[in-house]
Amino acid sequence: MAIFPRVKEAHVTSITLVFATVAISATTLFLSSLFHRRKRCKQLEVRVRELEASLEASVEKGAAERRGRVRAQQAFRKVVSQQSGEGSKEVYPMVPIGTVHSCFSTRNGTPRQPLVVPLARACLVLDPARASAEALEGFSDYSHCWILYVFHLNTDLEKMWKDPARSKIKAKVRVPRLKGGKMGVLATRSPHRPCPIGLSVAKIEVVDGEAIWLSGVDLVDGTPILDIKPYLPYSDSVKGATVPTWVQEDATLAVGSVTFSSNFASSLSSCWADVEKQSLYDSSEQFESLIKEVLTWDIRSVSQRTRPHPVATKSSDAVCEEIEEVNFKEEIYPQSTDHPNEVVYHLILEGIDVSYRIDENLNVVVEKANVHPDFASKKRHSYLAHRDSVR
């Protein structure tokens with residue numbers, strides 16, 4: 001019987017040893033896990049510090065690059081200023097974001113202000129390299145837009161850039177509404193400005209990809225566009241704004257009447273087939289309405305209105321060149337054969353040369369239409385695909 005307690009004691013001892021072994025193993029496992037966890041935490045801490053250092057270095061690198069770009073731009077402006085003889089004045093070079101394809105082939109006849117000819121159409125095509133179609137997202141929700149552009153047909157433009165000291169921008173210009181009277185250039189909308197940038201407003205008809213269809217424009221064909229902005233009535237329309245009395249006289253440039261000769265419709269019909277495929281208008285009748293809207297205003301220069309007289313005829317090339325140089329100057333055109341005492345004036349829209357005469361009572365008679373040879377071959381494929389999709 002004495003053996004039984006010993007056996008029992010040994011059994012208890014074995015169990016105790018097992019529990020002790022398990023406890024030691026658990027403790028060892030816990031300590032090992034704790035060690036590895038601490039080690040992992042230290043590794044993570046080191047990694048976090050490395051990432052923070054890398055992020056800080058990246059931020060500093062980006063800031064350094066920005067500072068470098070700013071210094072490079074400042075240096076570039078300084079060099080350009082020195083080359084242009086402007087001393088320390090800064091220059092801000094700008095690149096057009098698009099081009100306007102307008103119904104006005106030349107400056108002569110292009111409205112002096114926007115929206116006065118509602119049928120005046122244009123297609124503004126953006127340069128995808130400068131402004132993609134995504135940049136126009138939401139633009140069609142507005143009814144009108146502001147357009148900033150360059151008066152690229154100014155005859156003194158090249159001289160202004162290359163030799164500003166010799167550009168001789170006049171401080172005063174002749175104003176059509178003042179019948180030749182002069183006014184400070186910055187108090188007018190004259191295109192011949194110290195910085196030849198124009199501002200216009202137009203109605204947005206359709207936005208199609210990179211193309212914006214506009215109406216009521218006062219832009220000549222080929223005008224380079226610097227920027228466009230939505231028109232905001234709540235801030236852009238100023239209540240109580242005042243203007244000089246000479247600006248308020250709307251009838252100053254209005255004509256008495258506009259009529260068409262009996263032969264005009266047939267002459268327009270004969271040349272419409274040559275321009276129809278590239279036209280911004282759907283029919284010759286619609287185009288005729290455009291002509292009437294344009295000629296509702298006296299588009300002649302100051303000298304033409306005060307001293308109308310016939311001059312020698314030139315070739316078509318010379319005529320075109322003369323038209324492009326017009327800004328309150330006389331065009332070179334012959335007398336009317338039917339009315340020898342009246343001068344025949346010319347308006348070129350979409351390459352169609354429209355001849356008309358105007359009497360002393362400002363009554364306009366549109367005589368005939370011909371395809372102008374210098375504009376007939378001009379292709380405007382950049383907007384044709386957009387026109388077909390809109391139609």
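Buried, in this notebook, means under 20% relative accessible area, with exposed over 50% and partly exposed in between (1.4 Å probe, protein chains only). I'm working on a predicted model, where local features need pLDDT of at least 70, side-chain atom pairs count only at pLDDT 80 or more, and totals for chains, interfaces and linings use all residues. Residues are numbered from 1 along each chain as its sequence is written, and side-chain values use heavy atoms, with hydrogens and water left out.

**Entry 1: aromatic rings**

I started with Trp272 and Phe287, and both are buried. I then looked up ring pairs (rings of Phe, Tyr and Trp, using the six-membered ring of Trp, with centres within 6.5 Å; planes under 30 degrees apart are stacked, over 60 edge-to-face, the rest tilted). The structure has 6 aromatic pairs. One of them joins Tyr149 and Phe151, edge-to-face, at 5.2 Å centre to centre with 70° between the planes. Are Tyr149 and Phe151 buried or exposed? Tyr149 counts as buried at 6% relative accessibility, and Phe151 is buried too, at 16%.

Trp272 and Phe287 make a tilted pair, 5.6 Å centre to centre and 50° between the planes. Trp272 sits in helix H5 and Phe287 in helix H6, so their pair ties together parts that are 15 residues apart in sequence.

**Entry 2: helix H6**

Helices (H or I, at least four residues) and strands (E, at least two) are DSSP runs, numbered from the N terminus. H6 covers residues 284-295, 12 residues in all, and reaches 17 Å from its first C-alpha to its last. That is close to the 16 Å expected at 1.5 Å a residue (the expected span is 1.5 Å times one less than the number of residues).

Which residues of H6 are buried? I found Ser284, Phe287, Leu290, Ile291, Val294 and Leu295. Looking down the axis of H6, I see these buried residues within an arc of 120°, so they line one face of the helix (the arc is that of the directions from the helix axis to the C-beta atoms). A reminder to myself: an α-helix has 3.6 residues a turn, so residues three or four places apart point the same way.

**Entry 3: the core and its neighbours**

Ser355 itself is in S11 and counts as buried at 4% relative accessibility. With neighbours within four places left aside, the contacts of Ser355 include Val344, Tyr345, His346 and Val366.

Val364 is found in S12 and counts as buried at 2% relative accessibility. Leaving out its neighbours within four places, I find Val364 in contact with Leu295 and Tyr356, among others. Val364 and Asp298 are 66 residues apart in sequence, yet 9.1 Å apart in space, C-alpha to C-alpha.

**Entry 4: strand S2**

S2 (residues 121-126) is mostly covered, with 5 of its 6 residues buried. Two strands pair if DSSP finds at least two bridges between them. S1 (residues 98-102) runs antiparallel to S2, joined by 5 bridges, and the partner of Gly98 in S2 is Leu126. S7 (residues 211-215) also pairs with S2 in the antiparallel sense, over 5 bridges. There, Cys123 stands opposite Trp213 in S7.

**Entry 5: positive phi**

Leu115 has a phi near 70° and is found in the loop between S1 and S2. Glu350 has a phi near 50° and is in the loop between S10 and S11. Which is buried and which partly exposed? Leu115 counts as partly exposed at 40% relative accessibility, whereas Glu350 is buried at 7%.

Notes:
Contact means heavy atoms within 4.5 Å.
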